[in-house]
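Here's a quick tour of some charged side chains and who they pair up with. Have the structure open while you read.

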Amino acid sequence: RLRAVFEAQRAHRWTMSRTTAAERIARLKKLKEAIVARREALAEAMHRDFGKPRSEVEMMEIHPTLQELNHALKHLKRMRVARRLLSSPMPTATSVV
């Protein structure tokens with residue numbers, strides 16, 4: 001089952017790469033809402049599966065994930081702007097990201 005999910009994600013990557021910033025923001029907001037809505041269930045599942053105390057799940061799993069989502073939501077438009085970066089130690093080598 002896990003392999004099938006991975007392959008489906010892999011096949012879908014090029015479609016996702018063509019989404020707009022607004023579409024990605026909407027998806028990230030939906031993910032954040034789902035995590036917040038299921039916070040207790042996630043903590044319970046991680047406690048059951050890994051023996052992690054709920055406070056540890058909150059501090060080490062849920063909170064950092066929500067922080068990363070907040071960061072991505074705040075900076076996504078700027079992160080999608082193509083810019084020249086050095087791609088090698090050689091001063092003449094550049095890439096567009």
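How many residues apart are Glu 44 and Arg 48 in helix 3?

## Pairing along helix 3

They sit four residues apart, which means about one helical turn separates them. Helices here are DSSP runs of H or I with at least four residues, numbered from the N terminus. Glu 44 and Arg 48 form a salt bridge, with the closest N and O atoms 3.6 Å apart. For that label, a side-chain nitrogen of Lys or Arg has to be within 4 Å of a carboxyl oxygen of Asp or Glu. Arg 54 joins in too: Glu 44, Arg 48 and Arg 54 are linked in a network of salt bridges.

As for solvent, Arg 48 is exposed at 57% relative accessible area, while Glu 44 is partly exposed at 28%. The cut-offs are under 20% for buried, over 50% for exposed and partly exposed in between, using a 1.4 Å probe and protein chains only.

## Ground rules

This is a predicted model, so local features need pLDDT of at least 70 and side-chain atom pairs count only at pLDDT 80 or more, whereas totals for chains, interfaces and linings use all residues. Residues are numbered from 1 along each chain as its sequence is written, and side-chain values use heavy atoms, leaving out hydrogens and water.

## Other salt bridges

By the rule above, the count comes to five salt bridges. One of them pairs Glu 7 with Arg 3, at 3.5 Å between the closest N and O atoms. Both residues belong to helix 1 (residues 2-17), four residues apart, about one turn of the helix. Glu 7 is partly exposed at 32% relative accessibility, and Arg 3 is exposed at 60%.

Another salt bridge has Glu 58 and Arg 39 as partners, their closest N and O atoms being 2.7 Å apart. Glu 58 is in helix 4 and Arg 39 in helix 3, so this pair ties together parts 19 residues apart in sequence. Both ends are partly exposed: Glu 58 has a relative accessible area of 27%, and Arg 39 comes in at 25%.

## Lys 52 in the loop

Lys 52 lies in the loop between helix 3 (39-50) and helix 4 (54-79). Its relative accessibility is 19%, so Lys 52 counts as buried. Leaving aside residues up to four places away in sequence, Lys 52 touches Met 46, His 47, Val 57 and Glu 61; contact means heavy atoms within 4.5 Å.

With Glu 61 there is also a side-chain polar contact of 2.4 Å. A polar contact is a pair of N or O atoms within 3.5 Å; within protein, one must be able to donate a hydrogen and the other to accept it, and residues adjacent in sequence count only if both atoms are side-chain atoms.

Notes: Helices (H or I, at least four residues) and strands (E, at least two) are DSSP runs, numbered from the N terminus.
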